[in-house]
Amino acid sequence: KTRTRATPCPLPMDATSKTDARVRVFARLRPAKPEEEVGHFLQVEKRAVVVQSDCHSLREEGLVDARKFTYDGVFPPSSGQQDVFDKIGAPILEECLRGYNGTILAYGQTGSGKTYTLIEESGLLPRLVHRLFETISNDARPVYEVDVGAIQIYHDQVDDLLPEGQMQARDGARKLRCSSSCELLDAFSKA
């Protein structure tokens, strides 16, 4: 299986160290459904996931079908939303407040937990938004403007999720200027 690695970017953004400027990849494992537990075994290591298949034909030949996937970090099924925020969200927000761009991209098949991790049950988005406006309100310098956009990529199609009538950004996507966490979260709830 071929693996590609992202080229380092010049930004000092990283989820664990101020000196590493590369794209970071984390895996979050959701709890297995009962039908998924039969025949597959997951072993979570600090930075890797080992998946073993319990295939009868392989066992008879003395072979075990196992694959190891290594990441910058792994969140086991027992990890909470706060764990994900502390390791990924808070460091990226800190760098954004220092003037750097930051992106959190959730990727996975349907039902893998992207929406849960990002939005539901106090996921990354609500935590980031509340921390952002909390930090802004505690800063004596009134130099912040918060503009948000929301796009979705699905089946190779990019859709702008903000309603018509919002400001147009340079890239053509709509954006909305928000002055409170409630206003921003309300915009995303309508997206």
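Predicted model: local features only at pLDDT ≥ 70, side-chain atom pairs only at ≥ 80, totals over all residues.
At 82% relative accessibility, Asp156 counts as exposed.

Most residues other than glycine have a negative phi. Is His155 buried or exposed? With a relative accessible area of 65%, His155 is exposed, because the cut-off for that class is over 50%.

## The chain as a whole

Stepping back, the protein chain is built with six helices and 10 strands. It has 191 residues, of which 25% count as buried. The accessible surface of the chain comes to about 13500 Å², and carbon and sulfur atoms contribute 52% of that area.

## Where H3 meets H5

Now to the helices. Helix H3 (residues 81-97) packs against helix H5 (residues 124-138) with the axes 10 Å apart and an angle of about 45° between them.

Which residues of H3 and H5 meet? On the H3 side they are Gln81, Gln82, Val84, Phe85, Gly89, Ala90, Leu93 and Leu97, while H5 brings Leu124, Arg127, Leu128, Arg131, Leu132 and Thr135. Sorted by class, the residues of this contact are eight nonpolar, four polar and two charged.

## Cys96 in H3

Helix H3 also contains Cys96. Its relative accessibility is 30%, so Cys96 counts as partly exposed. Setting aside neighbours within four places in sequence, Cys96 is in contact with Asn101 and Gly102.

For a distance to check in your viewer, take Cys96 and Leu132, which are 36 residues apart along the chain. Their C-alpha atoms are separated by 9.6 Å. Leu132 is also one of the H5 residues that meet H3.

## Where H5 meets H6

H5 has another packing partner in helix H6 (residues 181-190), and here the axes are 9 Å apart at an angle of about 155°. How are H5 and H6 oriented to each other? They are roughly antiparallel, because their angle is over 145 degrees. H5 passes H6 in a right-handed crossing.

The H5 residues in this contact are Leu125, Pro126, Val129, His130 and Phe133, and they face Ser181, Leu184, Leu185 and Phe188 of H6. The contact of H5 with H6 has seven nonpolar and two polar residues, with no charged ones. For the contact of H3 with H5, by contrast, the count includes two charged residues.

Definitions and conventions. Residues numbered from 1 in each chain as written. Heavy atoms only, no water. Helix = DSSP H or I, 4+ residues; strand = E, 2+ residues; numbered from the N terminus. Buried < 20%, exposed > 50% of the residue type's maximum accessible area, 1.4 Å probe, protein only. Areas by Shrake-Rupley, 256 points an atom, 1.4 Å probe, with all protein chains shown as cover. Axes fitted to C-alpha atoms, helices over the stretch in contact; angles between N-to-C directions. Contact = heavy atoms within 4.5 Å. Nonpolar A, V, L, I, M, F, W, Y, C, P; charged D, E, K, R; others polar. Parallel < 35°, antiparallel > 145°, perpendicular 65-115°, else oblique. Left-handed = near helix turned anticlockwise from the far one by under 90°.
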